[in-house]
Amino acid sequence: MDTEPRQQQQLVQPVRGIEVHSIDWIPERERHGKLWHQAPLWFLGNFQYFTIPIGFIGPAMGLSLWWTALAGLLGIVVGTFFMAFHGSQGPKLGLPQMIQSRAQFGYRGVVIVLFVALFTYMAFNVTDQVLLAQGISGAYGWNPTAIALVTVIAAALLAIFGHDWVHRIFRILLVISFPLITIITIAIITGHAGGFAPKAHYGFTFTAFMAEFSAAAAYNITYAPYVSDYSRYLPSKTKSRSVIFSVFFGASSSAVWLIALGAWLAIHLNANDGLLGLKTAGNNVFGGLGSVAALASALALLATMGMNAYGASLTLLTGIDCFKKVTPTRAARVISIIGLAIVWYLIGDVITTSAVNTVFTALTLMLYLLVPWTATNLIDFFYVRRGHYAITDLFSLDGIYHRWNWRGITAYAIGFAAEIPFMVLPQLGSLSYIGPVAKLLHDTDISWLVGLVVTSIAYLLITRGFDPKTEEQAIAKSEATLKADFG
């Protein structure tokens, strides 16, 4: 590990609060994060406009309010389970999530999952841009192009300021939005938010239930590549179960809430846009409530775009570092964020599909790609290596994790291949795909569950002959180097 630039960085003071670090290791003396910050961060991460349309998916396929809420609840619980366990890796290792994945895939082999993670970040921000442009334009009549530009610039600025500012802004927005959404929810329960009895018949079909379940699970699984990016500043002695609980509670409770809210808006207000539906329901309670609540929800989604941009920049820099050494400076992170912002703006500017289709398609694609990675990473961390890694070797091209690690790459490939016959790919332009097994299941998509199981079994079998004791010497040397360089 090239420690010289990292030693120099410790002497660099933040400029107006802009974070110094990028993809480097966080020394213990700089672990200023607080455990109680985790739950509010992840609560607001889902307490925003993107979550509401997930509740539209079930009703759009004929699923009732209560079945949609149940499918959303179960999906969120499953997806957040994996997400929360990734969060516990941050304090233990003090590293961005994708750097740690070099242990499973190799110094250069990790580029495979880096592409997947970068696609996830960009897909989220492109989708968020479309949602905000369509939603705010529909709710307030503002120019959608201007909305898109403002949101991209604001999200990029938040990502540039980095870790501490993301936590701070999220807490402020939570204080603003929580009471507003609470009032609207109580009004819905008590019948004061308007609405009407639906003319269409809503009931239960297994295909619709699984579509809602999978979308909800995908929603929080897609956070997995960067949960530890926001927990890596926690002291290394922070209890893993405390981090897991904090992340799980924050990310799951708000998502379950807003998915159910979205289902009600779709069925009882015939809403096809979450922001407009929220505005209508709130204004039915009393004038202006919905307008303010919708704007707060939009601002929360904008902040989440900043979170995505931050993770995307770390992923991009890690990918470049696989082939050309990157000095992990503040400037490198800023430049990467600006470049990524330009790219996602240009992509989002040409998308004209509806918000619901955009959300469902993006979540489905991300789920297919991420599940084999999350299975490989978690089994390696909690079962194979049990959290013990040579940190310096993760930054070395010729370290113990090799350039290309066949174990992780093979398990990922097997898991993804196993998903293909079970896939039900939503309409993407003129393209669509339904796997042969999915057709036998009446177009029910269980591919990600198959991928999860197959990848886990494959990695366990592949690592049966691996003895983690062979890495003990490298781990001891790494710890000695870090202690000598950083104290």
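Q: Which classes of residue make up the lining of the second largest pocket?
A: By class, there are eight nonpolar, five polar and six charged residues in that lining. Here Ala, Val, Leu, Ile, Met, Phe, Trp, Tyr, Cys and Pro are nonpolar, Asp, Glu, Lys and Arg charged, and the others, Gly among them, polar. Keep in mind that this is a predicted model, where local features need pLDDT of at least 70 and side-chain atom pairs count only at pLDDT 80 or more, while totals for chains, interfaces and linings use all residues. Numbering runs from 1 along each chain as its sequence is written, and side-chain values use heavy atoms, with hydrogens and water left out.

Q: Which lining residues lie nearest the centre of the second largest pocket?
A: A pocket is an open set of points on a 1 Å grid over the protein atoms alone, where a 1.4 Å probe fits, with protein on both sides within 12 Å along at least five of seven lines; lining residues have an atom within 4 Å of a point. In this one, 19 residues form the lining, and Trp25, Lys92, Ile391, Glu479 and Leu482 lie nearest the centre.

Q: Which helix gives the largest share of that lining?
A: Helices are DSSP runs (H or I, at least four residues), numbered from the N terminus. H20 gives the largest share, six residues. Helix H5 (89-93) and helix H20 (472-486) each supply at least two.

Q: How are two packed helices described?
A: By the angle between their axes and the distance between the axes. Axes are lines fitted to C-alpha atoms over the stretch in contact, and angles run from 0 to 180 degrees between N-to-C directions. Helix H3 (residues 51-60) and helix H11 (residues 206-221) pack at about 160°, axes 8 Å apart. H3 is therefore roughly antiparallel to H11 (over 145 degrees).

Q: Which residues of H3 and H11 make the contact?
A: With contact meaning heavy atoms within 4.5 Å, Thr51, Ile54, Gly55, Ile57 and Gly58 of H3 meet Ala211, Glu212, Ala215, Ala216 and Tyr219 of H11. That contact has six nonpolar, three polar and one charged residues.

Q: At what angle do H2 and H10 pack?
A: Helix H2 (residues 38-46) and helix H10 (residues 163-190) pack at about 65°, with axes 9 Å apart. Among the contact residues are Phe43 and Leu44 of H2 and Phe170 and Leu174 of H10. By class, nine are nonpolar, four polar and one charged.

Q: And how do the residues of the contact of H9 with H15 divide by class?
A: The axes of helix H9 (residues 144-161) and helix H15 (residues 330-349) come within 10 Å and cross at roughly 160°, which means H9 is roughly antiparallel to H15. Among the residues in contact are Ala148 and Val152 of H9 and Ile337 and Trp344 of H15. The residues divide into 13 nonpolar, one polar and one charged.

How values were computed. Angles under 35 degrees count as roughly parallel, over 145 as roughly antiparallel, 65 to 115 as roughly perpendicular and the rest as oblique.
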